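The sequence and structure come first.

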Amino acid sequence: ILGIAMAISGLVLEDSRFVLSAHLQWNEIDLKHILEDAVALPVFIDNVSVLKAVWYFSQMDANSGDNVLYIDMNRGIGAVQYVGGEISRWTLGEVGHTTVKHDGPQCFCGNRGCLEAMCSGKRLMELYREHSGLSLSSLSQLDRLYKKGDPAAQYAISDCGMYLGIGLANLVNLFNPSALVLNTGDFDDCPSLILEAEKELRKRAYPVLTQGLIIKLINESEEHILSGAAIHFCDRVFTVHFPGNIL
């Protein structure tokens with residue numbers, strides 16, 4: 001065993017030394033030092049969305065002129081910037097915990113009105129129940145009702161899609177990407193939400209920035225996290241440069 005690669009839901013700072021995770025309730029834990037002391041092996045830690053992006057960009061035919069934002073919408077919302085032929089380590093990507101409604105529902109991070117709280121699957125279901133008096137068991141049911149013109153389903157998806165679109169528009173206005181790659185994750189069974197978000201994005205972002213904007217939908221599996229972690233590990237241990245010089 002040469003070492004350990006690890007994917008974490010949270011901020012990974014200072015070359016894997018400090019981990020901040022609202023989901024795990026960790027505050028600046030030096031996880032790398034703790035684990036290396038325990039196993040006497042090198043440990044490499046990175047954000048789970050970054051590792052998914054590592055896998056994605058290692059497979060695509062990219063060039064150094066690309067400026068692409070990878071948006072991971074599985075179990076939260078993270079953003080990874082691929083620019084100049086590599087993943088930018090200056091973009092922290094915690095877009096899910098940016099505020100889009102100052103008095104919105106409480107997020108698990110402790111703040112209110114966070115993007116991922118305003119467009120989560122849980123909130124979609126709650127809005128539908130509030131406006132219909134009925135409960136659903138899946139987002140695919142909600143999507144089917146939306147397409148049939150059900151008023152409660154249309155309200156829920158339109159409202160959450162609006163907030164997701166606001167978040168995406170903010171990213172476009174900040175980074176001016178040539179493409180958005182959306183890993184649909186939690187919303188793979190609710191494509192209507194993505195369509196509503198795209199409409200809101202194009203309404204709110206500067207038109208000049210959206211004219212040539214490419215939006216690509218993908219759905220990466222858990223195995224891709226492991227593949228991205230393996231690439232990251234090999235790059236650090238063997239100084240191997242994978243296609244696109246991604247790291």
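Tyr-56 counts as buried, at 11% relative accessibility; buried means under 20% relative accessible area, exposed over 50% and partly exposed in between, with a 1.4 Å probe and protein chains only. Tyr-70 is also buried, at 0%.

The model is predicted: local features need pLDDT of at least 70, side-chain atom pairs count only at pLDDT 80 or more, and totals for chains, interfaces and linings use all residues. Residues are numbered from 1 along each chain as its sequence is written, and side-chain values use heavy atoms, leaving out hydrogens and water.

## Aromatic contacts

The whole structure holds five aromatic pairs. Rings of Phe, Tyr and Trp (its six-membered ring) pair if their centres lie within 6.5 Å; planes under 30 degrees apart count as stacked, over 60 as edge-to-face and the rest as tilted. The ring centres of Tyr-56 and Tyr-70 are 6.0 Å apart with planes at 45°, so this pair is tilted. Tyr-56 and Tyr-70 belong, with Phe-57 and Tyr-82, to one aromatic cluster.

Elsewhere, Lys-32 lies over the face of Phe-44, 5.0 Å from the ring centre (the criterion is NZ of Lys or CZ of Arg within 6 Å of the centre and within 35 degrees of the ring normal).

## Cysteines

The search finds zero disulfides, a disulfide being a pair of cysteine sulfur atoms within 2.5 Å. For Cys-107, the closest cysteine sulfur is that of Cys-109 at 3.8 Å, too far for a bond. Cys-114 is in no disulfide either, with the sulfur of Cys-109 nearest at 3.7 Å.

Cys-107 is buried at 6% relative accessible area, and Cys-114 is buried at 0%.
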